[in-house]
Amino acid sequence: MEFLKRIEEKWQKAWEQNHIFEADPDPAKPKIFVTFPYPYMNGPLHLGHGFTATRVDVYARFKRMQGYNVLFPWAWHWTGGPLAGASQRVKQGDQEFIKALMEIDGVPKEEIEKFVDPIYMATYYTQEGKIAAKKMGFSIDWRREFHTTSPTYNKFIEWQYQRLRELGYVTKGTHPVVWCPSCQSPTGDADRQEGEGVSPEEYTLIKFPFENAYLTAATFRPETIYGVTNLWIHPEATYVKAEVNGEKWIISKIAAEKLKNQARKIKIISEFKGKEIIGRKCLNPVNNQELLILPGWFVDPAHATGVVYSVPAHAPFDWLALKDLKEKPEILKEFNINPAEVEAMKPISMIKVEEFGEYPAIEIAEKLGAKNQYDPKAEEATKILYKKEFHSGVLKEICGEYSGKLVREVKEKLIQDFKMKGIADTMYDLPQRVVCRCLTECTVKILEDQWFLKYSDPEWKQKAKEALNKMNIYPETAKQWFLDVIDWLKEWACARKTGLGTPLPWDKEWIVETLSDSTVYMAFYTINKHIKQYGIKPEQLIPQVFDYIFYEKGSKEEIAEKTRIKPEILEKMRNEFSYWYPVDMRNSAKELVPNHLTFFIFHHVALFPPQHWPKAIGVNGMLMIEGRKMSKSKGNFITLKNAVEEYGADTTRMALLLGAEGMDDPDWRKENLTDLRKKLEAFYRFACNIIENAKEEEETILERWLISQLQHRIRKVTECIENLKTRTALDTAFFEVWNDFRWYIRRKGKPTNKTLFEALKTWIKLLSPFAPHICEEIWEKMNGREFISTAKWPEFQENKIDVKAEEAEKLVKNVLEDTLNIIKATKIKPQKICYYTAADWKWEIYLKMVKQATEGVLVPSQVIKEYAAKKEFKEKIKEIAKFVSKITEEINKMPQNVKQRIIKAEKIDEEKILKDAKSFFEKEFKAEVQVWSEEEKEIYDPKNRARLAEPYRPAIYIE
């Protein structure tokens with residue numbers, strides 16, 4: 001381990017001293033601009049950051065070796081509530097939190113007391129994060145580094161929001177938001193301790209007349225009002241009669257509190273337990289039918305209004321709850337309800353849906369085996385049925401004017417009609433718990449005079465889709481997810497009143513929130529080097545400066561006069577931006593698809609012309625630790641710094657990358673790390689052994705096989721990295737190539753051929769993007785004149801593919817495996833092994849039939865007929881017919897590429913190949929080996945096995 005650490009420190013220092021990752025515009029070279037979402041600095045970089053960033057670094061290193069001018073910059077996110085919330089917890093003396101900072105994050109005790117200042121906390125974690133990123137060997141241009149509360153960056157964000165407002169994409173309005181009562185601000189995803197990705201959901205409220213008030217029930221399915229049999233109330237929950245904007249509603253006490261935040265005037269008239277109104281009746285507002293109020297212990301008073309209406313024909317929970325009550329009449333008697341009245345309740349069918357009869361809820365509950373209302377299968381049944389009824393359900397005659405209509409087509413009209421008639425209203429709620437970083441539970445608030453990003457704008461959505469359709473998305477399956485997010489995104493609260501960040505330039509009491517100031521900052525990377533180099537001050541960065549850089553708008557001389565930024569510096573910044581933009585690849589975790597990554601697309605299409613729209617996005621899974629989601633509260637949180645210190649950078653990089661690709665979640669397991677580190681050390685010794693023993697030797701078919709095999713590995717690794725299939729790429733570059741080398745040495749008996757030395761050079765290059773430190777060390781031992789990090793990537797060369805050599809070695813492997821299987825099955829200890837190769841006539845027929853099969857014209861009877869007509873084959877015709885029959889099925893099952901390889905290889909000299917491998921077989925089996933052609937006259941074949949020989953499948957006899 002110490003050895004690996006020394007190597008890593010050596011090469012990190014060398015890279016930095018030689019500035020090899022600092023990228024400047026070079027018109028003579030094509031460019032690649034890659035980015036990783038800047039990490040939030042309310043804590044240390046962890047393994048999740050490491051996984052995503054390593055994928056970016058592999059791509060950057062690969063492209064650099066391909067000859068591209070690669071820019072991989074880095075920055076730090078300080079905006080919003082997370083930092084302020086974390087700092088506040090320290091200030092409040094939260095001992096559990098402080099303990100986690102010390103034990104998990106590794107913060108020294110003397111630093112903790114300084115964390116009461118969020119800026120100090122951010123600075124500390126930024127410094128630690130930079131150390132961790134450097135120790136991981138990320139190929140970053142640190143000259144472009146910044147954090148999101150730096151004054152120059154604030155000016156960039158001010159420019160961005162001024163332009164978005166001018167375009168009509170930032171508007172002031174009234175919309176529901178996730179709200180923190182303590183911070184008195186909207187709480188975006190990044191400002192949450194819990195509930196990331198949760199948005200307010202709109203419920204339709206149906207008002208059931210009840211005495212002198214309304215029992216107000218919340219639903220997502222207002223069309224089901226025509227199938228109501230009863231209402232559900234939780235007996236032990238607290239309900240209120242409240243005046244809501246002049247109407248009297250009966251709702252849960254919790255719901256009344258929620259509605260106070262939703263632009264409602266609420267006055268509580270009385271408070272009571274639910275059981276007080278159970279057994280009484282209300283009216284269905286669409287047909288005035290009396291409905292009994294029944295006890296429902298499944299009703300959650302904290303969910304929407306705490307009042308639920310029952311549609312047992314179409315809602316599995318309602319059917320199961322009603323069935324439970326019918327089976328336990330004693331419960332009804334406790335509420336003075338006549339069991340016979342409940343027994344008489346029948347489901348009312350009001351939606352026709354394919355695959356189901358009159359009562360879909362009953363059918364699906366029985367099909368899934370849901371026993372009662374508490375059975376988890378009831379939830380599954382509900383989801384399946386709701387989806388089917390919404391998409392393909394047709395309303396029946398009982399639904400009056402809406403009958404014959406598809407649910408999905410009529411739903412919005414029905415809601416509007418019900419509101420016009422005064423029988424429906426609206427409420428917002430959260431589908432699950434959301435907690436702010438300050439640890440306050442959030443609610444929904446209808447915000448008036450709040451600044452929003454107008455993601456609902458149809459033209460903006462269309463431009464975002466246009467950009468997405470031009471982009472490469474890795475994996476391709478994520479593209480539909482992006483399209484869905486673009487479709488459902490609505491107004492997004494883009495500012496809050498607490499935390500760190502950039503104030504809105506026209507309304508300084510509002511600060512641009514965390515996910516809204518991190519959308520086009522990649523453009524700032526391109527120029528920040530110059531801002532720092534020339535000491536440009538924030539006040540010099542007026543909007544016209546950015547207009548000139550990004551749009552070439554205005555006169556640089558006039559801007560220079562206003563700002564005192566020299567025209568040539570403005571020109572340099574303009575050229576720098578023009579060279580690097582657009583972003584060629586941005587990679588992030590899948591949790592950012594519903595927000596950050598989609599916002600990234602929206603903002604680019606709003607602010608930049610099509611030639612500067614992003615070209616590709618990679619999406620990866622979320623890291624697991626020992627099979628569980630990584631979390632400080634679960635005690636399985638691992639910092640990047642600690643991982644590198646324990647296992648080394650190359651081991652950590654490889655373990656992360658081998659965990660998963662695509663959107664699958666990688667799983668970090670300690671046992672894998674220990675094993676991988678040993679393999680890496682063994683690999684180093686293996687490579688050194690090849691280097692030390694390399695000498696000139698005559699080239700054989702085995703060397704041609706190794707060179708040919710390497711070409712396939714080059715092609716596979718290259719294609720995989722291009723498509724961000726980093727796990728498959730690494731698996732190929734490390735394990736598959738190693739297996740090739742091991743097989744070569746096993747066959748050769750020694751690692752001494754110069755070809756092996758040259759092949760090692762290729763192998764080290766293929767592995768370099770994944771394990772750069774150990775590859776640099778081996779490269780140096782091979783007298784590499786430059787850094788391997790900037791060496792030329794191996795190119796696939798078709799002319800080095802040797803199909804004959806590959807087929808020859810495949811034959812040796814297959815014969816070895818077949819022999820071992822026979823020995824294992826028979827438990828023979830071999831003294832002599834005889835191999836019999838197929839006769840020439842078998843090869844002739846075999847190749848003819850493979851060729852015919854490739855062309856789609858294989859007719860076995862015609863082949864037999866053809867050979868029956870030839871004099872020299874007349875005596876063998878029965879044998880030929882048997883052989884043709886046997887191989888026909890085998891050939892028909894062959895993949896097309898295998899057939900093509902056989903045709904390309906033509907007939908291989910099996911006898912020579914096996915005789916050349918004779919000493920290898922004798923060493924492997926510790927037995928005498930003989931090789932015969934089945935046509936030889938003096939053949940040793942005591943069991944008459946030779947006749948069984950087929951092309952590529954020699955017959956075997958063991959004694």
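What share of the contacts in the protein with a separation of 6 or more is accounted for by residues 24 or more positions apart? In this predicted model, the share comes to 77%. The chain has 959 residues, and 56% of them are buried. Its secondary structure consists of 35 helices and 32 strands.

The overall dimensions can be pictured with a box: along the principal axes, the C-alpha atoms fill roughly 110 × 80 × 55 Å. The accessible surface of the protein is about 41400 Å², and carbon and sulfur atoms contribute 48% of that area. As for charge, the protein carries 148 positive and 144 negative charges, whose mean positions lie 2 Å apart.

Because 5 of its 5 residues are buried, strand E1 is largely enclosed by the rest of the structure. Both of its faces are covered: Lys31, Phe33 and Thr35 are buried on one side, while Ile32 and Val34 are buried on the other.

Strand E1 also has partners to follow in the structure. With strand E2 (residues 69-71), E1 pairs in the parallel sense over 3 bridges, and here isoleucine 32 stands opposite valine 70.

Key. Residues are numbered from 1 along each chain as its sequence is written. This is a predicted model: local features need pLDDT of at least 70, side-chain atom pairs count only at pLDDT 80 or more; totals for chains, interfaces and linings use all residues. Side-chain values use heavy atoms; hydrogens and water are left out. Helices (H or I, at least four residues) and strands (E, at least two) are DSSP runs, numbered from the N terminus. Buried means under 20% relative accessible area, exposed over 50%, partly exposed in between (1.4 Å probe, protein chains only). Contact means heavy atoms within 4.5 Å. Accessible areas come from the Shrake-Rupley method with a 1.4 Å probe; for residues, only the protein chains shown count as cover. Lys and Arg count as positive and Asp and Glu as negative; His and the chain ends are not counted. The place of a charge is taken as NZ of Lys, CZ of Arg, CG of Asp or CD of Glu. Two strands pair if DSSP finds at least two bridges between them.
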